[in-house]
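Hello,

I'm passing on a structure that is new to you, and my notes follow below it. Please have a look at it first, then read on.

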Amino acid sequence: MRIAACARRAAGALILAWVANAAQAAADGTAAERGEYVFRAAGCAACHTDADNGGAFLAGGRRFATPFGVFHSPNITPHREHGIGAWSEAEFVAAVREGVGPGGKHYYPVFPYPSYRLMRPADAADLYAYLMTVEAQATPDREHELALPFRFRFVNRVWKWLFLDRGEFSPEPQRSEQWNRGAYLVRALGHCGECHTPRNLLGVLDGERHLAGTAEGPDGEAIPNITPHRADGIGKWSVSDLRWYLETGGLPDGDFAGSLMAEVIDEGLSQLTDEDREAIAVYLKDLPPLPGPRKQGG
Amino acid sequence: MNKRMISRTAILAAAVLSASAALASEEGIIKYRQGVMKAQGGHMGAMGQVVQGKADYAGNMAAHARGLHDMAKLVADLFPEGTDFGETNALPEIWDNMGKFKDAAGETVKAAAALEKAIATGDRGKIGDAYKGVGKTCKGCHEDFRKKDE
């Protein structure tokens with residue numbers, strides 16, 4: 001028994017080392033260079049840049065209409081007053097992984113810390129190093145416009161206490177290294193489930209329907225099922241179809257991605273390594289195939 | 001039925017008829033432009049297999065690129081006023097920003113022309129890049145002007 005446990009632990013450590021190495025290989029060099037790769041894989045630019053209205057890179061101000069009210073993304077440039085320039089690395093890592101900013105400000109889970117909590121602290125630290133190198137912007141943050149009970153941030157604290165799991169990503173030793181890298185990219189950095197997994201009325205992701213799509217996603221749009229269900233998901237896509245889509249946005253039928261996903265591809269996925277896109281595809285193809293979501297009104 | 005009543009009925013009938021005639025033609029335009037879009041998607045899908053090296057029809061690429069280029073030139077004029085209702089995934093942003101929309105549609109025309117040139121060189125790397133360049137313009141327009149349909 002003890003030998004088996006030891007072996008498992010050793011295998012786990014090996015895979016952990018591999019995941020670390022793969023990230024390293026993907027963006028060798030300084031912390032800021034590695035952090036830039038994390039930045040792309042984590043898709044930060046799409047939300048933190050108000051591209052439609054000509055907003056400066058990472059200066060925030062993008063509007064998100066949700067059932068709880070309207071959120072505006074914050075400035076994450078290193079401006080000392082309006083951005084995160086006065087934050088320490090430890091404060092930044094806590095903000096990303098635990099959803100709590102300097103001074104104990106608890107974030108709304110529109111910021112995807114329920115996924116980023118799985119981010120390896122070293123990756124979060126590299127991300128900090130990269131963000132400190134971008135141009136500072138003096139764009140003040142805009143207040144959220146929320147329905148009454150949600151205006152109080154202690155609600156977030158309660159929500160986190162009730163629903164937020166703890167702990168970073170732990171690889172599954174019985175799976176391949178590639179699968180584990182894909183799982184890390186999908187579940188932690190890529191935070192795919194934040195859109196592709198349905199939520200309950202309290203905004204909690206439904207773990208039973210991981211990546212099975214939702215009729216009511218961000219901006220009120222339907223979000224597709226990306227489990228390998230043949231009729232409702234990506235069951236008919238090959239790994240190479242998926243890898244190609246993640247790089248170019250081209251679907252097997254010749255259509256091209258639009259909406260938020262076009263941004264996610266342009267700003268992030270298209271800039272990852274082929275190995276990482278392949279790992280994502282391998283992980284997705286290995287998910288339990290789930291049906292749905294049911295279309296509303298036929 | 002008195003005379004006034006008859007003329008009112010006639011006017012009403014004429015109004016209903018002309019409204020449905022207008023509706024029918026808008027419906028037709030919507031379906032027509034969906035056909036044009038699908039034709040472009042068809043060429044892109046076919047070329048995608050060749051570019052990925054999964055189908056060995058490099059000799060057909062020029063025909064696909066020409067077809068794509070011809071279709072792409074039509075797009076800017078397929079969104080007249082009144083075709084924003086009904087079974088369409090076209091977003092109101094098209095009619096709110098017609099200038100921006102036409103510019104975006106023009107990007108695909110340019111990218112398709114560049115793809116034709118790249119194919120003429122026979123250089124696989126250049127063809128792949130130019131193909132991806134077209135894809136970028138497809139996404140660029142879909143991102144701002146098309147509703148997700150699922």
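In this predicted model, 23 residues of chain A are in contact (heavy atoms within 4.5 Å) with 20 residues of chain B. Before the details, some housekeeping: residues are numbered from 1 along each chain as its sequence is written, and chains are lettered from A in the order in which they are written. Local features need pLDDT of at least 70, side-chain atom pairs count only at pLDDT 80 or more, and totals for chains, interfaces and linings use all residues, while side-chain values use heavy atoms, with hydrogens and water left out.

Together the two chains bury about 1,900 Å², 53% of it on carbon and sulfur atoms; this is the accessible area (1.4 Å probe) that two parts lose on being put together, summed over both. On the chain A side, Trp244(A), Phe256(A) and Asp266(A) lose the most area to chain B, together 31% of what that side buries.

There are also 5 salt bridges between chain A and chain B, each a side-chain nitrogen of Lys or Arg within 4 Å of a carboxyl oxygen of Asp or Glu. One of them links Lys54(B) with Asp241(A), where the closest N and O atoms are 3.2 Å apart. Helices α10 (239–248) and α11 (259–267) of chain A, taken from DSSP runs (H or I, at least four residues), each supply at least two residues of the side that touches chain B.

Best wishes
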